[in-house]
Amino acid sequence: MKRRHWLAVPATLAAGLLLVVFVRPADAGTTLGASAAESGRYFGAAIAAGRLSDSVYTGILDREFNSVTAENEMKWDATEPSQNSFNYSRGDQIANRALARGQKVRGHALLWHQQQPGWAQGMSGTALRNAAINHVTKVATYYRGKVFAWDVVNEAFADGGSGGRRDSNLQRTGNDWIEAAFRAARAADPTAKLCYNDYNTDGINAKSTGVYNMVRDFRSRGVPIDCVGFQSHLTNGPPSDYQANLQRFADLGVDVQITELDIAGSSQANGFASVVRACKAIARCTGITVWGIRDSDSWRTGENPLLFDNSGNKKAAYTSTLNALNGSGVPVSPGTSNPPASSNPPASSNPPASSPPPAGGSCTATISVNAWNGGFTASVRVTAGSGGLNGWRANVTLPSGSAVTNTWNATASGSTGTVVFTNVSYNGTVGAGQTTEFGFQGTGSAPSGTPTCS
Ligand code: G3I
């Protein structure tokens, strides 16, 4: 990464006066998004569908930001207002508008103890677990190819010194609910980065160490997690060990993202610059999102924690942020990003995507399952033989009493006994030795045998 300097260029006027002209380097960005992009990062904002008719708001949005997060519109209460009946209209308003303008879309949030629809708040145990996994599967499938990163699970750790999980209806379905959610998200959308997101984890403390231990455990067991979001709702600035904390997570092999940045207090401008510098110092810190555009758009009413004032004017914090984005740092290292799921070995013994094509038969299939008391999700990997595939079928035999309730990236024929899964339109063609994956959710015990493939 090139360091940038303001150049002092002396120019002699005819009158003999010496004038010092400050020239901005030709490649310094003049907007937040463009400046962040120069080091391979994004600079995003949380936006609200209800404000998209405000031209001051959209003017700033489209000038300054190259990524958006729906502030509320992709949450569980918004997307699944009644069970298994989905409404993507407000989420789509945000996502489609952004994609049409070349802005990336960060997905927020698949599972959270807050903003659950009323029907889910009243559920518990296996019924809630199944409903939650179904939600993850359906929403991640719907936004596949549109959302580049998902907050799969939001705010699952307790505040205070325990370093443990927060009590919630989701937590009471079993400690493995988070990994079940990540596995379901991966199966539904193998291309999106899957993040855990939380607040008060910005410095090294008991809560962030609890999250750190979970991520380390997930990485060691092959639970698919790609990134950790640090919300960074701050006062005055980040804690002194902010960068060190981000770095210890990056060292686990995940990306880190600043996901909901806002800063109240009199040192706000310096605080924003410190956050940007910390992110830019870390090759795996891939982007920053501020939680709103103007102070009047912020959830922190009266604290004025954003980069633009109520009228949409740039604040001192804007200038310090832009200067820090144009300042020194390291580029995002594409080589350190996680490979897509199709080549990410899961916990089971699936062969890597680069395995030689199986000899003879047209395809082989392997299965990995994530089971809990009363239900399971399964991910099946189909590997084409040396002739490649133009359409495929995989047969999975379920134990007696088990039934398939949901399928993604395949069509199921039957739901009990031996279920035949057939490719859908976009994954029937598989090159020699290449793989494709589909998944399903079921009730009862998980299948234990190896699927057949033809
Ligand atoms: O849209 C309704 C409106 O119809 C109704 O009249 C009004 C009455 O209260 O409520 C409106 O919905 C509110 C919604 O924001 C949209 O403004 C909800 O009550 C309110 O609870 C909701 O607050 C959101 C909050 O999450 C919910 O916990 C904030 O906008 C949103 O900024 C905030 O975002 C969270 C992140 O998702 C997770 N991290 C923390 C962050 C800040 O709390």
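Of the 454 residues of this protein, 56% count as buried, where buried means under 20% relative accessible area, exposed over 50%, and partly exposed in between, with a 1.4 Å probe and protein chains only. The model before you is predicted: local features need pLDDT of at least 70, side-chain atom pairs count only at pLDDT 80 or more, and totals for chains, interfaces and linings use all residues. Residues are numbered from 1 along each chain as its sequence is written, and side-chain values use heavy atoms, with hydrogens and water left out.

The protein contains eleven helices and 21 strands; these are DSSP runs, helices being H or I of at least four residues and strands E of at least two, numbered from the N terminus.

I turn now to the disulfides. The structure holds three, each defined as a pair of cysteine sulfur atoms within 2.5 Å. With the bonded cysteines numbered in sequence order, the pairing is 1-2, 3-4, 5-6.

Cys195 is joined to Cys227, S to S 2.0 Å.

In the disulfide of Cys279 and Cys285, the sulfur atoms are 2.1 Å apart. The torsion about this S-S bond is about -100°, so the disulfide is left-handed.

Finally, Cys363 is bonded to Cys453, S to S 2.1 Å. Because Cys363 lies in strand β12 and Cys453 in strand β21, the pair ties together parts 90 residues apart in sequence. Cys363 is buried at 7%, and Cys453 is buried at 16%.
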